[in-house]
Amino acid sequence: MFELICNVLLWLGLLYSYFFNVLEAPIPDRTARNPYTLKPDVWPKAIIILLLICIAINIFNIIRKNKNNPEFSLDALLSIRARMCMGIALILAASFVLEPFGYMVTCVLVLFLYGLLLGQTHVIRLAFMSIILTLVLYVVFSVLLSVNLPRGTIPELRNFSLYIESIVASVKSAIM
Amino acid sequence: MTTWELFTNGFSVLMDPYTFMMVVFAIIVGTIFGALPGVSATMAVALGLPFTYSMQPIPAIVFLVAVYCSSITGGSITAILFKIPGVPSSAPTTFDGYPMAQRGEAGKALGIALGSSAIGGLVSALAMLTLSPQLTQAALSFSPSDIFAITFMGLSILTCLDSKNILRTLISGLLGLLLACVGQDPMYAVQRLTFGSGELIAGLEMIPVLIGIFAVTEVLKQTKKRDKLSAEEGTASVNTKMPSFKEWWGIKWLLARCSVIGTIIGILPGAGATIASFLCYSSETKLSKYPEKFGTGIIDGIAASETANNAATGGAMVPLLSLGIPGGNAAAVMMSALVLKGVQLGPLLLVNQPQYLSATFASMVVTNILMVVVAIGIAKIFAQILAVPYSYLGPIIIMLAIIGSYATNMSIADVKIMAIAGVIGLIISACHFNSAALILGLVLGVICEGNFSRAYTISRANLVNMFARPVAGTLMAVSFVLLIWPIVSQLFKKSEK
Amino acid sequence: MKKFLLMLLVLSLVVCAAGSASAEWKFERKISIVCPWGVGGGADSTLRPMAELLKKILGQEVEVVNVTGGNGVTAVEYVYKQPADGYTFMLGTQSLFMQDIQGTTSMNFKDEFIPVARLVHAINVITASKKAMEKKGYKTFSEMREYVTKNPFEVSVGMLTSTGLDGAALKQALEGLDILDVSYPSGSEMNSALVGGHIDIMVTGTDEIEGLIAAGDIVPLLALCEKRMKRYPDVECSVELGINSVLGPARGIFAKKGTPKEAIDALVKAIEEASKDPTWQAFLVQGCYDERPGFAGPEEYAAACEADYKLLSDYLKAEGVMKKDYYAK
């Protein structure tokens, strides 16, 4: 059932995009005048048409296969347990708070909360490890690989990141 | 200079103890950079740039080549152990490497990956040394329609990826192609399929989608399975049993084919290690006697992808040295390093200064051999992480996924795409779609569309003229057979019943 | 002894005071300059040697951050989100103006960013494939033009996105001619297609193809500039043929609006100093950037940007893709 719903939604979504979203800006005049150019909408439209056909057949197949199937129910939907939903929510939330909170806070929160979700019972040890691992990842990526990890846009958190960076810079200059 | 003279001349450059030390250093950092997600081979080479500021041009290129080759290899370590490809070109390695690691055969998987990387690298280095002029001419004769035909063939193999599920695999591949269209179109920068979101203007990068669909989906699946009891256990015991000679011997022709294909793809500007490994993986699936086993954890899959991506490194150096046209992004970084040193790259370089070719060759040979030793050591350290309880490892994988997708482009949008892709990965497996096919479509989509469109214009909208070329014509014919055959054969089977 | 110490104290105070008076702005931490294009590309290889010199002059890390994608839009959005504290700058060219005018940036780039200094001003050159030239039988730009007039839609021209700067320069140079325009995603793909004879001519800077020109595989036909290039004295230039097309990529540093003026001034001063450095001068020669005056201060660069904005607005308006009209009456 879940599969059927997904396929139908996908089919409808593609149909909608075919009409409204393939081209979202005008084609340059010079290009439009040239009879030998492939207009930018041809390729995606061809793919969407093929997809519409294939998914339609797939929907037909699913219905045919499950016609006399007693297990044809909302099984798959129900099998997504609460724990997994929390996992999904946590990862999505992390991707959205990364910018305002910055790397440091996000990383500690993700490591701690997801650790709890995975059944870790030693809360204090987990919290301690989250902080340590955050620092380890920071040193590896930001210090050694000079990846600019997000500092956060909330002023206090941003200043905190800058403070850490200044410590790193002074340690670096002391070593060199 | 004769080939032999080139050969000896190249190694004499490496005899200098300082240069040799730098190469060893390059191999170590290159492998580590490659293994870390978010640091692509191009970024690894760029990170190596500051070290070359004080070097002479030839040691500089020797150093950068060593970083390049070893980073491509390093990518397989994380691909196998954590299902996060360290560099994009190791993506197909995850298909078979991760299942093997899950079965406790991480050692064997890593052994195959490193060994076949070395073989691919050595073959392409040799091809570079001896066949540079011919390979260059071959590369130049590839027109957009030929390149389109190559990628189209890669796509047509889609239907063979999963013979029981042709329709769903096809849908997945097409969805991948459609996702590749998101953002500004390759020819006229017209926005498509962004649904008004500014974050999608740059299009969907392969890396965040891939990390999401593979690594994050995997963690989410594990989340469902776990209960409190297993929180303290490690994921898998790491068996360091290496592959046997018999196993190597069984894949000798595969290694040969992938080395050749990888080298050729590497030469083409615009294609590179990533395309090479995807194409080899899918074509080996087609050629295999047991295609259904691909994706379940067999050494063939790992060997195909890793041989091809290292073979592409040698290929990428060919046009750089013989024409001054970089065969890929990493080669472009090396080019900028040489230009900064006042080296005039172009067709005259090898005529006047053949030592550039010979030194690059020597560096590749030494790197590809030493790299195996170094990478095994590094892989062992990384493998220790697998013994960490999953309640620590799972969150770490998520953070690596976040950093990995952010670091490529400093883009928060990519992190969001990665997270959403992770959820979509669950839906894909619930609907029995094929995530490998989707990624293949996404990777090949941009090249495929761009070259089709260029070929279409150049041949003045005449499809017959477009493919009336030896390479393009043959490949297109083969592709159509490949595409139609599984469908036809299935129909036959049905009618027999 | 006491006297000596006192003197030392006074002296150090004076030095400090003098120091703080002369340098109103001191960069206190790492400065990031965002490059909207990839490592190894033309923009990136211009910025890296400059960053290296600035690091020496300013005594702080100057880091090049490559934020690629969306023809530069991703980088603009990235910098726009950073605080205007004088520690984040970006490299820009006219390509960003074109994205702005076409409405792909979420803000008005023209209003939200200020030009700081121009680093280089390159020249675009129309070059031809030797293989294709031999087949089609033209040798000079004028002959090529004649050929195209007689055979419309037969000559293919390579460029990097036709709605980009190359497209605009080409449109001006070949006004009214029917050509097949073919876009390439990278210079390397386009260069090899030209050498292989798959496209007939292309528009680019000359830095990446110097070696191929020297070997004769690529033939320069027309330099889009005011006077003939020093390197190729035999190659005609557009102005001498009466063609009004001198657009070439100008790469300069931009800052987000609201960046402290002192920080901008300090950076401009450092860039000016770096521009006189012999290593930079040598780089200009290697990269073919020595044909036109490179460095330009804030006022001069702003004026040049304004002129380009006007010109490109007209071009994009004619193409029917203009979304933001900065010159609407």
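Tutor: Start with a rule: two strands pair if DSSP finds at least two bridges between them. Keep in mind that this is a predicted model.

Student: Which strands form the open sheet in chain C, and in what order?
Tutor: The order is S7-S6-S8-S5-S9-S10 (chain C), six strands with mixed pairing.

Student: What makes S7 and S10 of chain C the edge strands?
Tutor: Each pairs on one side only. S7(C) covers 180-183, and S10(C) covers 236-237.

Student: How do you know that S5(C) and S8(C) pair?
Tutor: Count the bridges. Pairing needs at least two, and four bridges join S5(C) (residues 125-129) to S8(C) (residues 201-204). So the two strands count as paired. They run antiparallel. Ile126(C) stands opposite Val203(C) in S8(C).

Student: Which helix lies across S5, S9 and S10 of chain C?
Tutor: Helix H7(C), residues 141-150. H7(C) runs at about 90 degrees to S9(C).

Student: Now chain B. Why are H5(B) and H14(B) called roughly antiparallel?
Tutor: Set the angle against the cut-off. Angles over 145 degrees count as roughly antiparallel. H5(B) and H14(B) pack at about 160 degrees, with their axes 8 Å apart. Therefore they are roughly antiparallel to each other. The crossing is left-handed. Residues of H5(B) in the contact include Pro92(B) and Phe95(B), and those of H14(B) include Ile302(B) and Glu306(B). The contact residues divide into three nonpolar, four polar and two charged.

Student: Why is Met410(B) called buried?
Tutor: Buried takes 20 or more other C-beta atoms within 10 Å. Met410(B) has 21, so Met410(B) counts as buried. Met410(B) sits in the loop between H18 and H19 of chain B. Its phi is positive, about 50 degrees, although Met410(B) is not a glycine.

Student: And is His432(B) buried, exposed or partly exposed?
Tutor: Exposed means 12 or fewer, buried means 20 or more, and partly exposed lies in between. His432(B) has 15 other C-beta atoms within 10 Å, so His432(B) is partly exposed. His432(B) is in the loop between H19 and H20 of chain B. Its phi is also positive, near 60 degrees.

Student: How many residues does each chain give to the contact of chains A and B?
Tutor: Chain B gives 58 residues and chain A gives 59 residues. On the side of chain B, H18(B) gives the most, with 11 residues. That side divides into 39 nonpolar, nine polar and 10 charged.

Methods: Residues numbered from 1 in each chain as written. Chains lettered and ligands numbered in written order. Predicted model: local features only at pLDDT ≥ 70, side-chain atom pairs only at ≥ 80, totals over all residues. Contact = placed C-beta atoms within 7 Å. Nonpolar A, V, L, I, M, F, W, Y, C, P; charged D, E, K, R; others polar. Axes fitted to C-alpha atoms, helices over the stretch in contact; angles between N-to-C directions. Parallel < 35°, antiparallel > 145°, perpendicular 65-115°, else oblique. Left-handed = near helix turned anticlockwise from the far one by under 90°.
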